[in-house]
Amino acid sequence: MTYLELSEDGGGSHKFYDVTVAGTRVTITYGRIGETGQTKVTDFPTEAKAQTAAAKKIGEKTRKGYAPAVRGVRQRRAVTHRAIPSTRSTAQQAPVLWRFDSGASAFGIFVDDERCWATGWRRSCGCRCRRPSWTPPGGR
């Protein structure tokens, strides 16, 4: 069994990663320190492949900053949320990924003074009738 923890000061990450190999079965339990976490069980054809897979997972986690620890030493702490400042977008227009034959731009959602289109909507003909070429489930 290999038990790893990643705990950052200042309210950052506070999580664990536990890898257990029993024969051809690898059990990985992970989550926040002090909680039961989630468990994933994987069976391999041979014990050697199970050991290799476990070593690979442990290597991935240690490269990310996890370190060997003793379960129960660190206590659970409250979840902290980082403050993300909200600022008004400076974008003047959404990027244009393609254009209709008429030259009008199209991208996900398009809104102007006359119409509002969502991806997959386009004029059914060359006129300005604004009928969709298809109707979404549930109608317009």
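**Notebook: a helix across a sheet**

I began with helix 1, residues 47-63, which lies across strand 1 (2-7), strand 2 (14-22) and strand 3. I looked up its direction too: helix 1 runs at about 165° to strand 2. I note that this is a predicted model.

Next I stepped back to the whole chain. I found one helix and nine strands in the protein. From the N terminus on, I read the elements as β-β-β-β-α-β-β-β-β-β.

Five strands form an open sheet in the order 4-3-2-1-5, and their pairing is antiparallel. Which strands stand at the edges? I found strand 4 (38-43) and strand 5 (67-68) there. Each has a single partner strand, so one side of each is left without a neighbour in the sheet.

I followed strand 4 to its partner. Strand 3, residues 25-32, pairs with strand 4 in the antiparallel sense over six bridges. I checked two positions across this pair. Tyr 30 stands opposite Gln 38 in strand 4. Ile 28 stands opposite Lys 40 in strand 4.

I then looked at the turn. The hairpin of strand 3 and strand 4 has five residues between the strands. Among them I noted Gly 34, which takes a positive phi near 95°.

Last, I took down the totals. Of the 140 residues in the protein, 21% are buried. The protein exposes about 10500 Å², and carbon and sulfur atoms supply 52% of that area. I also looked up contacts with a separation of 6 or more: residues 24 or more positions apart account for 33% of them.

Conventions
Residues numbered from 1 in each chain as written. Predicted model: local features only at pLDDT ≥ 70, side-chain atom pairs only at ≥ 80, totals over all residues. Heavy atoms only, no water. Pairing = 2+ DSSP bridges. Helix = DSSP H or I, 4+ residues; strand = E, 2+ residues; numbered from the N terminus. Contact = heavy atoms within 4.5 Å. Axes fitted to C-alpha atoms, helices over the stretch in contact; angles between N-to-C directions. Buried < 20%, exposed > 50% of the residue type's maximum accessible area, 1.4 Å probe, protein only. Areas by Shrake-Rupley, 256 points an atom, 1.4 Å probe, with all protein chains shown as cover.
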